[in-house]
Amino acid sequence: MEKATENPNSETQPPPHPNHQMDADDDDENVKQLKECSSLYLSLQDCLVDSNRDWKSCQKHVQALKACHERRTKK
């Protein structure tokens, strides 16, 4: 008699993970280089994920990141 598996769907459905988990792992150093703009960058990434990569929906985030970057380069 075979023992039934606890969750038969575990192989077909990957576990959910927070936005950017892979980005944070792969690009952590790049994000850190953004310094005070890093939170704006991550916010933009969240917006893009939530809007299915619709850049038009995320223009406030784009403009905020652009302004932050311009402030950094003027210092």
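The UniProt record, in an unreviewed entry, places the feature "domain: CHCH" at residues 37-70; such annotations may be inferred rather than shown by experiment. This is a predicted model, where local features need pLDDT of at least 70, side-chain atom pairs count only at pLDDT 80 or more, and totals for chains, interfaces and linings use all residues. Residues are numbered from 1 along each chain, and side-chain values use heavy atoms, without hydrogens and water.

Over residues 37-70 the chain is 74% helix and 0% strand (DSSP runs, H or I of at least four residues for helices, E of at least two for strands). The end C-alpha atoms of that stretch sit 10 Å apart.

Now, the helix pair. Helix α2, residues 38-50, packs against helix α3, residues 59-74, at about 160 degrees, with axes 9 Å apart (lines fitted to C-alpha atoms over the stretch in contact, angles running from 0 to 180 degrees between N-to-C directions). That makes α2 roughly antiparallel to α3, the word for angles over 145 degrees.

Which residues of α2 make the contact? They are Leu40, Tyr41, Ser43, Leu44 and Cys47, meeting His61, Val62, Ala64, Leu65 and Cys68 of α3 (heavy atoms within 4.5 Å).

Finally, the whole structure has one salt bridge (a Lys or Arg side-chain nitrogen within 4 Å of an Asp or Glu carboxyl oxygen). Glu36 pairs with Arg72, the closest N and O atoms being 3.8 Å apart.

Technical notes: Parallel < 35°, antiparallel > 145°, perpendicular 65-115°, else oblique.
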